[in-house]
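Subject: Structure handover

Hello,

Here is the structure I promised to pass on. Please open it beside this email and follow along.

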Protein chains: 2
Amino acid sequence: MNIFVVGIGLIGGSFVKDVKAKMPTAKVYGIDTNEAHLEEALSLGLIDTKATYADLSLADFVLVSVPVDALQRELPKILDAVPDDCVVCDAGSTKQQICEVLQAHPKRRNFLACHPIAGTEFSGPSAAVLGLYRGKTNIICEIEKTAFALQERALELFGLLGMRIRYMNPVAHDRHIAYVSHLSHISSFMLGKTVIDKERNERDIFDMAGSGFESTVRLAKSSPAMWAPIFEQNRDNVVETLEEYIQNLTAFKELLVREDYEGIYREMDKTNRIKDILKGLPEAKKMAQDTSKQ
Amino acid sequence: MNIFVVGIGLIGGSFVKDVKAKMPTAKVYGIDTNEAHLEEALSLGLIDTKATYADLSLADFVLVSVPVDALQRELPKILDAVPDDCVVCDAGSTKQQICEVLQAHPKRRNFLACHPIAGTEFSGPSAAVLGLYRGKTNIICEIEKTAFALQERALELFGLLGMRIRYMNPVAHDRHIAYVSHLSHISSFMLGKTVIDKERNERDIFDMAGSGFESTVRLAKSSPAMWAPIFEQNRDNVVETLEEYIQNLTAFKELLVREDYEGIYREMDKTNRIKDILKGLPEAKKMAQDTSKQ
C-alpha cells in the first residue's frame, strides 16, 4: 500500500510511525512545503521518500495533516490529483467549513472527514511518537458521503492503530469540540498571558510555580499557526464558550467580593465531579488498560 | 528525633514517608481529627503511633499540614503545647494572615512559616508519595523571627528531603502565589464548570476530550475544603488576578468578534514564551536531572 502524508509534523509523523510498525510493507511518501521538515522526516525514517502532488497518482491512502486554513486550500487540489480508488483523510480540529468546501467536489466520495483527538503541545517531525493514537477517539463526519470500499480501507488502518471511532455530524462536532478543546486552549493561553504580564520584572517568581500551574498552562505552548485558523473557522462556537466561561469566572469573583465562602465551596464541590468524568476519558481508560496488562 | 505531623493527608503523609526513608531512627507521631485517616496512616506505616496534643511535649519537630483556616485556629494551641526547643512548621498556601495571627505569640520563635510548593490534586493518607518534595521549592517567610537553632533543625530536614529553599516576606508571597497557583485553580474549576454545565445532557461528549482538556481541568479535582479557606485568606490578591484574567479573556474574545486573526496570532505567539519559563521551573529541572542520571 502506498501511503502519502501531506504535512509531516507531530500528527502526520506519529501516524506513519505506527503505520510502519504495523504494516512493514507499506511505502510511505511525504509531502511538505517545509523542506527542512521533509529532510528531517526522511532522516528520522518516518517517510521512505519525498514526493510532490504529481506523485499522488500512486496513492492508496492520503493523510492530510496541515493547519485547518491550509486544509481548505489544499484538500480540493489533493482530491483532484488522486486516483479513483484512493481515500483521502484529514485530521483537522474543525469540520463544518471543511465539509462545506468539499461538498460539491467531484471526488467527494474519496474524502473521509476525520478528527483524531490526539496530540501534544509540541510540533514538527521530531515530535512524532509511536502509539500516539492507541485508545484515542477518531471522530468521523459525514461517513455516508465516502465510498464504502474507501471507508473500509481507512477504518482498517485506524483499527490497526488502535483508535476508537465515533460518528458525528460536522455542526455538532464543532459545537462540542469548542468546549472540550478550543476553550481549554484559550483558557490556558490567557492564564499564561496574565501571569507573564504581571510578573514581567520578577523572573524569579516562577520558582514559586508548581506542577499545578505547569499543567494548567501547558496548552499555551501550542502553535499559533495551527490555532489561529482553528479559532477563525470555529469563531461563533468559540465566542459562545468564551462568554460562558467569562460569566462563570465573573460570578466566582463576585462570590469572593461578597465574601460568600459557602457559595465558593459549593461551586468547587459541584465541579469536583469532573473526577468521575475524567475517569471515563479514553486517555484514562487506556492507562487503566496498560496498568492491568502489566 | 520525635516528629509529629498534625493533619496526616497528602502533604503530611508524603513528608513523613521521606523522613522515614532518610532517618530510620526518627519516631513519627500522627495527630488528626479524622480518626479514619489516622488509622489509615498507621496501617500504611506513615506513622508509628497515634497521638494527641497532650503528647506534643515530646516533640522535636512538628509539621502542621491542615487547611489554612484550621492553621489559624490550631497553630497557637500547638505552640502552647510544645517544649521550648521544638520547631513547628506549617505548610499553608497563604502566609500573611498566619504570620499575623502568630506575631505576638509567646512562642513565636518556635514557629517557622513554610509553604512547600508541592502536591497533587489528590488528598488523604493514601495519596502520600515518596519523593514528593525532591527538587521542589519551599518558601520560608520571616525566617528571622525563628530561633536560630530551630531554623537549622528544620533546614537540615528540608535538605534531607531535597528541597530548594527561598526566602520571602508574607505579603509578597501571597501576592505572587495568587498568580502562579491560586488563579490556576480558579481557571481550572471554572473551565470544568463551563463544560459540565453545557454538556449536562450529553455525557458521551466527553469522549471528545483529549489530554489537553484533561491537563487544563486537572486542578478542578482539588479539595474544596482546602481551597475555599485559601481563597478567603488571600481574597484581595485573588480578586485582582481574576480581574486581570477576565480582562485578558474578554480582550481575546473581542479580537475574535472583530475577526482580527492577526491579533489573535500575536497574542498566542507572545504567550508562547511560557515554554522557556516552564523549562526553568523546579519540576522541569528535577526531571532533567533525573534523566541525566539514568
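This is a predicted model: local features need pLDDT of at least 70, side-chain atom pairs count only at pLDDT 80 or more; totals for chains, interfaces and linings use all residues.

Residues are numbered from 1 along each chain as its sequence is written, while chains are lettered from A and ligands numbered from 1 in the order in which they are written.

**Where the chains meet**

81 residues of chain B are in contact with 81 residues of chain A. Contact means that the C-beta atoms, placed from the backbone, lie within 7 Å. 100% of the interface residues of chain B are also interface residues in chain A, so the copies meet through the same surface. Which helix gives the largest share of the side of chain B that touches chain A? H6(B) does, with 20 residues. By class, that side has 43 nonpolar, 21 polar and 17 charged residues. Here Ala, Val, Leu, Ile, Met, Phe, Trp, Tyr, Cys and Pro count as nonpolar, Asp, Glu, Lys and Arg as charged, and the others, Gly among them, as polar.

**The sheet in chain A**

Helices (H or I, at least four residues) and strands (E, at least two) are DSSP runs, numbered from the N terminus. Two strands pair if DSSP finds at least two bridges between them. In chain A, 8 strands form an open sheet with mixed pairing, in the order E3-E2-E1-E4-E5-E6-E7-E8. Strands E3 (49–50) and E8 (164–168) of chain A stand at the edges with a single partner strand each, so one side of each has no neighbour in the sheet.

Now walk through the pairs. E4(A) and E5(A) are parallel, with 4 bridges. A:Leu63 stands opposite A:Cys89 in E5(A). E5(A) and E6(A) also run parallel, joined by 2 bridges. A:Val88 has A:Phe111 as its bridge partner in E6(A). E6 (residues 111–116) and E7 (residues 137–141) of chain A run antiparallel, joined by 4 bridges. A:Cys114 faces A:Ile140 in E7(A).

Look along E5(A). A:Val87 and A:Cys89 point one way, A:Val88 and A:Asp90 the other, and all are buried. Buried means 20 or more other C-beta atoms within 10 Å of the residue's own, with C-beta atoms placed from the backbone. In a regular strand the side chains alternate between the two faces of the sheet.

**Helices on the sheet**

E4(A), helix H3 (residues 68–81) of chain A and E5(A) make a right-handed β-α-β unit. Right-handed means that, with the strands pointing away from the viewer, the path from the first strand over the helix to the second runs clockwise. Helix H5 (residues 148–160) of chain A lies across E4, E5, E6, E7 and E8 of chain A, at about 55° to E5(A). Axes are lines fitted to C-alpha atoms, for helices over the stretch in contact, and angles run from 0 to 180 degrees between N-to-C directions.

Best wishes

Conventions. Two residues are in contact if their C-beta atoms, placed from the backbone, lie within 7 Å. A residue is buried if 20 or more other C-beta atoms lie within 10 Å of its own, exposed if 12 or fewer, and partly exposed in between; C-beta atoms are placed from the backbone.
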